[in-house]
2 protein chains.
Amino acid sequence: MADGSVKHSEPRSGTVGKALSVLDEVAAFGRPVRFGELLDQSPYPKATLYRLLQTLTSEGMLAYDAERQTYSAGIRLVRLAHAAWAQASLAPIARPHLDILSAATGETVHLAQLDSAQVLYVDKRNAKDPLPMYSSAGKVGPAYCTGVGKAMLAFLPPHQQNAAIAQQSFHRFTEHTLASAHDLVMELNEIKQRGHAFDREEHEPGIICIAVPVKTAAQHVLGAISVTSSIRRTSISELETHLPHISETAAAIAAEAVDWRFPDDINRD
Amino acid sequence: MADGSVKHSEPRSGTVGKALSVLDEVAAFGRPVRFGELLDQSPYPKATLYRLLQTLTSEGMLAYDAERQTYSAGIRLVRLAHAAWAQASLAPIARPHLDILSAATGETVHLAQLDSAQVLYVDKRNAKDPLPMYSSAGKVGPAYCTGVGKAMLAFLPPHQQNAAIAQQSFHRFTEHTLASAHDLVMELNEIKQRGHAFDREEHEPGIICIAVPVKTAAQHVLGAISVTSSIRRTSISELETHLPHISETAAAIAAEAVDWRFPDDINRD
DNA sequence: TCCATGAGTTTCACATATTGAAACTTGGTT
DNA sequence: AACCAAGTTTCAATATGTGAAACTCATGGA
């Protein structure tokens, strides 16, 4: 994972913030992890980290295996996971639409949402003939150099957009990466005009995509969807032929999301 | 939802515990919820609840809709959800096995894990001809009067078993509910001998099931699976004919879980 | 118009939970 | 037996959190 996105968690103020950052670290390991490993990553002193882990464990957010002395995600987090999934993720709503889009295009399809100023992939459909690539459901990626990321940033209200841009880290992944706030802003303006975004090998060499925001009638950005492929198989202009279908899909997802989650948002301005 | 399981969250000591309990409450609503609604449920004074919500919101665990003044699960929780799901849930491992069992029996199949002293349904397959019933993936239910619950409790090491029994609330859902710790202990002993548990309309009238624990060679209880039906369609003894298949399924899930998550647990004692 | 109401937010003196350096325990190694 | 690393506990200092009450602001009667 060539990472140009997030620094390793800095200390936070409140106790709650610290505890949550520890939770993140444990979750990020993706496997049972020892105290020492966490300590290395952690900005907190030994005793503090220790107590935070104890608290989280006794709260059921982490599970501690006494024999191995390892911490991992706890069952309470699984319970929250269901609720979060049903409430805050577009994935359950989008699923059937993505299936259709995926079948129609035969390419990889992504559904993403903004998490802080990063992109969280909440669902993915593989191409008929899958390509090796970084993204997968549950992973986060950079916003400034992915199709879905730029599609969402472009349609954010100015204040939020600025805040999000300020948090980007502008690592140059490829020679095409837009590696400065200035370049990004230019690009976002174009995207806003055009209505859709491209990724021209900005994150991974050879990988290109076309992306469209999922937004409500009131212009709230809920997420973005993209159709992704490889330059070895297709081109930007060819991907663009899918645009009507992608836009329809985004509109359908937005409409359903509004119906379910904001029943009277329909004509809000 | 006839609830005989959990009292509405009592105040906790640490700040972290309080914050997490608030998170639970918001998640439990399953929809955007107003401050006032939470305040009614909450054991915390207005100002405290308010600050906890602010903290959680600024941490991204909750999302606040300023126009509606509502809180809901945040995107950061979705990210954790993925990690938790992959790490702590048996569902991804069990999925193909449950598919097979479900197809073979034609009945409703549940996969559950223990969350505190309650049962968390982490996956479910509906019968060919689905029955209306309480459970569904992501929901919690009582342990003392469900097949999966009793199957897990029965095979817990004594200390944990006692702790879990002490936390049961013994609401009498039906005339068959085992509504005391004493009755439950007797039943658990039988189950431990027999190797599998039944639910004889103890939770919902007309609903019966047979359940088997998912446990490692080292006797760690990871979860339980059950095959559920209705007295109008079948009987306990008929359900019991599925036992070999259910046990095989449980064993297969346990074996895979051990391989993936505790690579050297295999012969631990 | 004006006051009453209630939801949501802020304040501030007080109480407490959190902090982290350092001491201690534990279990494995030489 | 002595050592070492990893994990756990202690304790006084203090940053954090607490919650009653005061405040703000929108709403809707009178």
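This is a predicted model: local features need pLDDT of at least 70, side-chain atom pairs count only at pLDDT 80 or more; totals for chains, interfaces and linings use all residues.
At least two residues near DNA strand C come from each of α1 (15-29) and α3 (46-58) of chain A, and from each of α1 (15-29), α2 (35-41) and α3 (46-58) of chain B. I found that α3(A) contributes the most there, with four residues. Sorted by class, the surface near DNA strand C holds seven nonpolar, seven polar and five charged residues.

**DNA strand D**

I repeated the search for DNA strand D. The most come from α3(B), which supplies four residues to the surface near DNA strand D. I counted classes again and got seven nonpolar, seven polar and five charged residues for this surface.

**Chain A, overall**

I counted ten helices and nine strands in chain A. I took the extent of the C-alpha trace of chain A along its principal axes and got about 55 × 45 × 40 Å. Of the 269 residues in chain A, 47% are buried. I also looked at contacts in chain A between residues at least 6 apart in sequence, and 58% of these join residues at least 24 apart.

**Strand pairing in chain A**

I traced the partners of strand β3 (residues 70-73) of chain A. Strand β1 (residues 33-34) of chain A pairs with β3(A) in the antiparallel sense over two bridges. In that pairing I located R34(A), whose bridge partner in β3(A) is T70(A). Strand β2 (residues 62-65) of chain A also runs antiparallel to β3(A), and four bridges join them. Here I found A63(A) opposite S72(A) of β3(A). β2(A) and β3(A) form a hairpin with four residues between the strands, and I noted a positive phi near 55° at Q69(A).

I moved on to the largest nonpolar core, which has 152 residues. The members that touch the most others are A84(A), M152(A), A81(B), A84(B) and M152(B). I followed one of them, A81(B), and left out residues up to four places away in sequence. A81(B) then touches L80(A), A81(A), A84(A) and W85(A).

I next picked V78(B), which is found in helix α4 (residues 75-88) of chain B. Is V78(B) buried or exposed? V78(B) has 24 C-beta neighbours inside 10 Å and therefore counts as buried. Setting aside neighbours within four places in sequence, I listed the contacts of V78(B) as A84(A), W85(A), A88(A), S89(A), L120(A) and V122(A). I also took one distance within chain B: V78(B) and R172(B) are 94 residues apart in sequence and 36 Å apart in space, C-alpha to C-alpha.

Note on methods: Residues are numbered from 1 along each chain as its sequence is written. Chains are lettered from A and ligands numbered from 1 in the order in which they are written. A nonpolar core is a set of buried Ala, Val, Leu, Ile, Met, Phe, Trp, Tyr and Cys residues joined through C-beta atoms within 7 Å. A residue is buried if 20 or more other C-beta atoms lie within 10 Å of its own, exposed if 12 or fewer, and partly exposed in between; C-beta atoms are placed from the backbone. Two residues are in contact if their C-beta atoms, placed from the backbone, lie within 7 Å. Ala, Val, Leu, Ile, Met, Phe, Trp, Tyr, Cys and Pro count as nonpolar, Asp, Glu, Lys and Arg as charged, and the others, Gly among them, as polar. Two strands pair if DSSP finds at least two bridges between them.
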